[in-house]
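Reader: I'm new to this structure and would like a close look at just one part of it. Could you pick a strand and walk me through its surroundings?

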Amino acid sequence: MKVRNVQRHADEKVELQMTPMIDIVFQLLVFFIMTFKIVSPEGDFNIRMPLAAPSEGIPDPMQLPPIKVRMAAKADGSLLGVQMGTRTLSRENPFDDLHMQIREIVGDDTGPGSIAESTEVELDCDYNLDFKYVIDAITAVSGYVADDGMSVIKLVEKIKFSPPKAPK
């Protein structure tokens, strides 16, 4: 770009003002620093992704097969019944019954090498089941607060869902 100024002398130089440019740069820097928000993750769900290929070899004899929990729904989404394996749980308090059954299988012994680390629960829910029943089932199998009110006893850490089935 050529600067036209007919009355200028040839020996005059055009100088750029650096002070306003530096001011603008610092204002932009302060603006971006002050408006930067660090987003915290929603929660740590302790999700473990499957390995690329299944490992071959003899399965661990101490590892239990997944405990299958089937939850059937009525047409309106309310809970029709809960089954653990082949056993139908009580209709009045199915999640309390589920919790007691899991405690019998896993036990209250926690720590390294306990059966709770290797136990896995598979939830098979009807397509139109209300989500609150799924949360109740997860709560029933995952653990409970001890009698002292301070410590948490973990029962099952590995919970997976069976693939959804299309509604009938």
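Author: Let's start with a term we'll need: two strands count as paired if DSSP finds at least two bridges between them. Keep in mind, too, that this is a predicted model.

With that in hand, take strand 1, which covers residues 67-73. Strand 1 and strand 2 (residues 79-84) are joined by 5 bridges and run antiparallel. One spot to look for on screen is Met71, which stands opposite Val82 in strand 2. These two strands make a hairpin, with 5 residues between them. In the turn you'll find Gly77, whose phi is positive, at about 95°.

Strand 1 has another partner as well. It is joined to strand 4 (residues 120-125) by 5 bridges, and here the two strands run parallel. To find this pairing, go to Lys68, which sits opposite Glu122 in strand 4.

So how covered is strand 1, with how many of its residues buried? Mostly covered is the answer: 5 of its 7 residues are buried. For the chain of 168 residues, the buried share is 25%.

The chain has 4 helices and 7 strands, and going along the sequence they come in the order α-β-β-β-α-α-β-α-β-β-β. Of the contacts with a separation of 6 or more, 60% are between residues 24 or more positions apart.

In helix 2 (residues 94-106) you'll come across Asp97. Is Asp97 buried or exposed? The cut-off for buried is under 20% relative accessible area, and Asp97 counts as buried because its value is 16%. Setting aside neighbours within four places in sequence, Asp97 touches Arg87, Leu89 and Ser90.

For the chain, the accessible surface comes to about 14,000 Å², with 59% of it belonging to carbon and sulfur atoms.

Methods
Residues numbered from 1 in each chain as written. Predicted model: local features only at pLDDT ≥ 70, side-chain atom pairs only at ≥ 80, totals over all residues. Heavy atoms only, no water. Buried < 20%, exposed > 50% of the residue type's maximum accessible area, 1.4 Å probe, protein only. Contact = heavy atoms within 4.5 Å. Areas by Shrake-Rupley, 256 points an atom, 1.4 Å probe, with all protein chains shown as cover.
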